[in-house]
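Here are some notes for a first look at this structure. Please keep the sequence and the 3D view open while reading.

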Amino acid sequence: MLNLVIFGPPGSGKGTQSAKIADKYNLCHLSTGELFRKEMEKGTLLGREVEKYIDKGLLVPDEIVLRELYRRASDHLDSPGFIFDGFPRTLVQAETLDRLLDKKGIPISLDISVVVEEQELFKRILGRGEDSGRSDDSVEIAKLRLNVYKEQTRPLLDYYSGQGKIVSINGMEPVDRVFEKICLAIDTYLVSRKVIPVVE
Ligand code: ADP
């Protein structure tokens, strides 16, 4: 089982890289942001509930996130592994995920941290807002989301560093180059765990 967390500020390219990683390693891609946006588009009860937070650039409360993630993950327990994208975003979420995965004997393998400079993040978020139509991709909300990231999510880097699971990747390079580096990190992990045999 390969369980990955992809971690980075809004605009760091987590979503793009996660889709490519899921495809290559045959993992179940669980993006909490994507899940919530779909519910918002469909106008479901959950969608209307989370919209209040997302449109303000705030985090959705932990109970809702954990409940929905648990539900989605339980449907895919037969998958060769997961890539968690946009989750965990708070310490409570990270600790709950660890407890859950430990109980199942399938702990997080690696935490991939995508590093991008702040100026570049703004440029990307605002550029993306023009075509994505995402309600939270405006200048003011982007600033708030970055602050929320710094206050509530960035501390998780210390949490995962303490477990020796962080791999930092420079996310300023072109998409394919970033992807190559992520694959190298994953393959190195798999070889070290002897999941991929080394050719002598
Ligand atoms: P980005 O990383 O570009 O902000 P996401 O798609 O990951 O985009 O998240 C969009 C929004 O969805 C967040 O700003 C937040 O309001 C909500 N959200 C997504 N995942 C979580 C989570 N794990 N905990 C709380 N809120 C979340």
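This is a predicted model: local features need pLDDT of at least 70, side-chain atom pairs count only at pLDDT 80 or more; totals for chains, interfaces and linings use all residues.

Which helix gives the most to the shell around the ligand?

1. Helix α2, residues 32-42, does, with three residues. Helices here are DSSP runs of H or I of at least four residues, and strands are runs of E of at least two, numbered from the N terminus. Residues are numbered from 1 along each chain as its sequence is written.

2. The ligand has 19 residues around it; K14, T32, R37, L58 and G86 come nearest. A residue counts as near if one of its heavy atoms lies within 4 Å. By class, seven are nonpolar, five polar and seven charged. Nonpolar means Ala, Val, Leu, Ile, Met, Phe, Trp, Tyr, Cys and Pro; charged means Asp, Glu, Lys and Arg; the others, Gly among them, are polar.

3. Look at the atom pairs next. A polar side-chain atom of K14 is 2.5 Å from a ligand oxygen atom. For T32, a polar side-chain atom is 2.7 Å from a ligand nitrogen atom. L58 places a backbone N or O atom 2.6 Å from a ligand oxygen atom. The protein covers 96% of the 540 Å² of accessible area that the ligand has on its own (Shrake-Rupley method, 1.4 Å probe).

4. Searching the whole structure gives one cavity of 30 Å³ or more. A cavity is a set of points on a 1 Å grid over the protein atoms alone where a 1.4 Å probe fits but cannot get out; lining residues have an atom within 4 Å of a point. The largest cavity holds about 90 Å³; volume is the space filled by probe spheres set on the points, which are joined across faces, edges and corners. Its lining has 10 nonpolar residues, one polar and one charged. α4 (62-74), β3 (81-85) and α5 (91-104) each supply at least two of the lining residues.

5. Check the backbone at two places. F87 and P88 are joined by a cis peptide bond, with omega about -5 degrees. P88 sits in the loop between β3 and α5. N26 is not a glycine, yet has a positive phi of about 60 degrees. N26 lies in the loop between α1 (14-25) and β2 (28-31). N26 is exposed, at 53% relative accessible area (exposed is over 50%, buried under 20%, partly exposed in between; 1.4 Å probe, protein chains only).

Conventions
Side-chain values use heavy atoms; hydrogens and water are left out. A polar contact is a pair of N or O atoms within 3.5 Å; within protein, one must be able to donate a hydrogen and the other to accept it, and residues adjacent in sequence count only if both atoms are side-chain atoms. On a 1 Å grid over the protein atoms alone, a cavity is a set of points where a 1.4 Å probe fits but cannot get out, and a pocket is an open set with protein on both sides within 12 Å along at least five of seven lines; lining residues have an atom within 4 Å of a point.
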